[in-house]
Amino acid sequence: MYNLTDREIVLGVSGSIAAYKAADLASKLTQAGVRLDVVLTPAAAKFVTPLTFQSVSGRPAYVDMFDTASGASELHIELARRANALLIAPASATTIARVALGLAEDLVSLTALATRAPIIVCPAMDPQMFEHEATQAHLETLRRRGLHVVGPEEGRLASGHTGPGRMSEVQTIIGALRYVLGKDADLAGRKVVVSAGGTQEPVDPVRYVGNYSSGKMGYALAEAARDRGADTVLVSGPAALPEPYAVRVLPVRQATEMRDAVLAECADADAVIMAAAVADYQPAEAVGQKIKRRQKGLSLSLVRTPDILAEIGRRAGLVKVGFAAESENLLTNARRKLDDKRLDLIVANNVTAEGSGFGSDTNRVTLVDGEGEEELPLMSKYEVACRVLDRVAAALREASPD
Ligand code: PMT
């Protein structure tokens with residue numbers, strides 16, 4: 001998974017029932033290629049054993065900071081020195097207080113004090129404890145010091161109470177880690193606008209003209225841009241996907257709304273990537289009341305939607321990328337769109353190929369520009385996004401070499 005592979009991450013687990021979710025987090029990070037070391041507070045080890053973490057990470061997990069046999073006594077210095085990031089998840093109220101006050105009382109707070117790597121803190125506790133003035137003051141201290149506080153989310157907690165205190169979802173935490181690791185990458189200081197999903201053009205109050213786009217391709221592009229340090233804006237049609245961490249999401253419904261949002265955001269952007277399946281036609285007028293099933297047939301009068309990519313026009317310093325969803329004559333049609341919409345690059349997407357196009361997690365595309373064509377094998381949408389962003393980064397470098 002791009003910027004996670006071979007990174008040295010320390011996961012600090014503290015005493016909260018959410019510790020069980022940390023095992024899933026450890027497993028997902030290891031699968032993504034992270035070299036993961038896990039340290040637990042003694043309280044965390046009462047919820048989940050070190051053996052659980054050892055089994056998923058394939059490396060020893062440590063609790064006792066005075067355990068000379070395992071070398072844990074010098075371990076915190078070694079782990080702290082080589083870590084690319086320290087992730088504290090879950091972070092209990094006590095651990096947050098220790099880190100804020102610089103109290104090195106266990107391996108988690110010790111590592112936090114000894115490292116100079118970025119630290120991500122994911123609070124998890126009862127709402128009363130989270131809202132307490134002491135906890136809020138400690139979190140404020142951590143933020144002021146440049147630590148990243150992710151969550152908590154609102155919801156029902158193990159205590160039976162409802163409110164803020166639930167640890168963020170594993171995918172959100174991984175998104176935060178990728179964001180932190182990519183802050184200084186090759187798109188740092190650049191603004192990238194991505195569109196995703198399909199638009200919905202209302203017919204009446206209960207129906208619309210739409211398409212099968214899930215938004216997965218556009219969301220993967222936004223995540224990949226964020227992971228390379230870009231200030232990323234995602235203009236999204238309705239999609240059942242979680243908002244990516246540190247991406248500004250602008251929800252829209254119709255093509256006209258998408259046009260307004262994309263044009264406004266493009267004014268100061270360095271690149272725009274339109275992965276959205278914008279409806280080409282919309283009903284000439286939306287009927288105010290639900291159309292009844294009385295007539296034998298029904299004709300809808302449709303008019304063309306604005307061509308957003310064409311309307312953006314050419315501007316020096318703005319890299320324009322389109323997608324071409326095709327079911328036939330892939331390259332001929334893609335080239336025509338490249339020229340008509342005056343793009344730097346078009347991603348030709350054969351939506352009838354196996355595992356490709358609408359709704360799938362993978363995609364098979366050909367990158368087409370003025371120079372030629374590069375056919376890519378079937379790969380995950382995130383990997384496709386990385387390949388598209390390689391081209392965007394190269395075009396930006398070419399436009400303004402240091
Ligand atoms: O969302 P997923 O389920 O992951 O599916 C991904 C996808 C198949 C939607 C995506 O990979 C894709 O191919 N997106 C482009 C779909 C499309 O509308 O293609 P098009 O050939 O009709 O349009 C060409 C380009 O013009 C696109 O970049 C489109 O965003 C843009 N366009 C189209 C119409 C319009 N009115 N304004 C536009 O800007």
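View 1. The model is predicted: local features need pLDDT of at least 70, side-chain atom pairs count only at pLDDT 80 or more, and totals for chains, interfaces and linings use all residues. Residues are numbered from 1 along each chain as its sequence is written, and side-chain values use heavy atoms, with hydrogens and water left out.

**View 2. The shell around the ligand.** The ligand is surrounded by 29 residues, and the closest are S213, S214, K337, N349 and G359. A residue is near a molecule if one of its heavy atoms lies within 4 Å of it. By type, the shell divides into 14 nonpolar, nine polar and six charged residues. Here Ala, Val, Leu, Ile, Met, Phe, Trp, Tyr, Cys and Pro count as nonpolar, Asp, Glu, Lys and Arg as charged, and the others, Gly among them, as polar. Strand 17 provides the largest share of the shell, four residues. Helices (H or I, at least four residues) and strands (E, at least two) are DSSP runs, numbered from the N terminus.

**View 3. The largest pocket.** The space taken by the ligand is the largest pocket. A pocket is defined on a 1 Å grid over the protein atoms alone, as an open set of points where a 1.4 Å probe fits, with protein on both sides within 12 Å along at least five of seven lines; lining residues have an atom within 4 Å of a point. A molecule sits in a pocket if more than half of its atoms lie within 2 Å of its grid points. The volume of the largest pocket is about 1000 Å³. Its lining has 41 residues, and A276, A277, V278, D280 and K337 are the closest to its centre. A volume is the space filled by probe spheres set on the grid points, which are joined across faces, edges and corners. Strand 17 gives the most to this lining, with four residues. The lining divides into 19 nonpolar, 13 polar and nine charged residues.

**View 4. The second largest pocket.** This pocket holds about 710 Å³ of space. Of the 23 residues that line the second largest pocket, Q171, R178, A220, E223 and Y382 lie nearest its centre. Two or more lining residues come from each of helix 1 (19-31), helix 9 (170-181), helix 10 and helix 14 (381-399). The lining divides into ten nonpolar, five polar and eight charged residues.

**View 5. Backbone details.** A89 and P90 are joined by a cis peptide bond with omega of about -5°, and P90 is found in strand 4 (residues 85-91). Another cis peptide bond joins G151 and P152, with omega of about 5°; P152 is found in the loop between strand 6 (148-149) and strand 7 (153-156).
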